Amino acid sequence: LIHTYPGLEISRIDDNAELANISAELIVVDTSIINPHKLDVILDQLPDVPVLIVVDGMTDVHNLSHLMQGRRELITQKGLEGFTLLQAVHHLLDRQKLHNQLQKTAKHLKELAIRDDMTRLFNHRHFNDLLVQEVKKSNRYKRPLGLLMIALNDFTAINETCGHHEGDRALVRAAGIIGSTVRDVDITARYGDNEFSVILPE
């Protein structure tokens, strides 16, 4: 495998392995040296790591077929020799690559849904959702909560006199100033055309 996939990091898991110390692109689990409970723990605690499960024979493949989902593969001891192993690893790594791409795309789409395109601050809709959450937390824990509403004066005049591109630059600059002024725990958003809001927990 190392010759076929240079740089690939592989971990072999046994009953004494500490899962907290596992950092690998692929995990090989040998069911002949590991108990079923440990196997369940591995699959539960390391859901994002591809797992190749080694079993004795085809009977075990049938008995454990319910585990063959997502980025998991079953292979017999005999299959460890030759092309079957390479094929199984190739399929696992391909599925992992696709999973990573889908996660990256999902994260990007989520950002597009909650961020203002121009200023990259939260948009009005997401800000309102966060405000509801913060008000509930403030009431539950009896902690103070502040809210700032900020508007750019004469913004319409800037657009009409200097053009919308200058108005856009003013918005981006204002967003940068606000972002650099507030604390890390504060929540900033573009609330309206020339309006910004900041939630100030505690």
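Asp-116, Arg-190 and Asp-193 are linked in a network of salt bridges. A salt bridge here is a side-chain nitrogen of Lys or Arg within 4 Å of a carboxyl oxygen of Asp or Glu. Arg-190 is buried, with a relative accessible area of 13%. Buried means under 20% relative accessible area, exposed means over 50%, and partly exposed lies in between (1.4 Å probe, protein chains only).

This is a predicted model: local features need pLDDT of at least 70, side-chain atom pairs count only at pLDDT 80 or more, and totals for chains, interfaces and linings use all residues. Residues are numbered from 1 along each chain as its sequence is written, and side-chain values use heavy atoms, with hydrogens and water left out.

By the salt-bridge rule, the count comes to eight. Three of these pairs are set out below.

| Pair | N to O distance |
|---|---|
| Lys-137 and Glu-134 | 3.1 Å |
| Arg-183 and Asp-186 | 2.6 Å |

Take Lys-137 and Glu-134. Both sit in helix H4 (residues 124-141), three residues apart, so about one helical turn separates them. Helices are DSSP runs of H or I with at least four residues, numbered from the N terminus. Lys-137 is partly exposed, at 37% relative accessible area.

Now turn to Arg-183 and Asp-186. Is Asp-186 buried or exposed? Asp-186 counts as buried, with 10% relative accessibility. Arg-183 is partly exposed, at 41%.

Terms used:
Helices (H or I, at least four residues) and strands (E, at least two) are DSSP runs, numbered from the N terminus.
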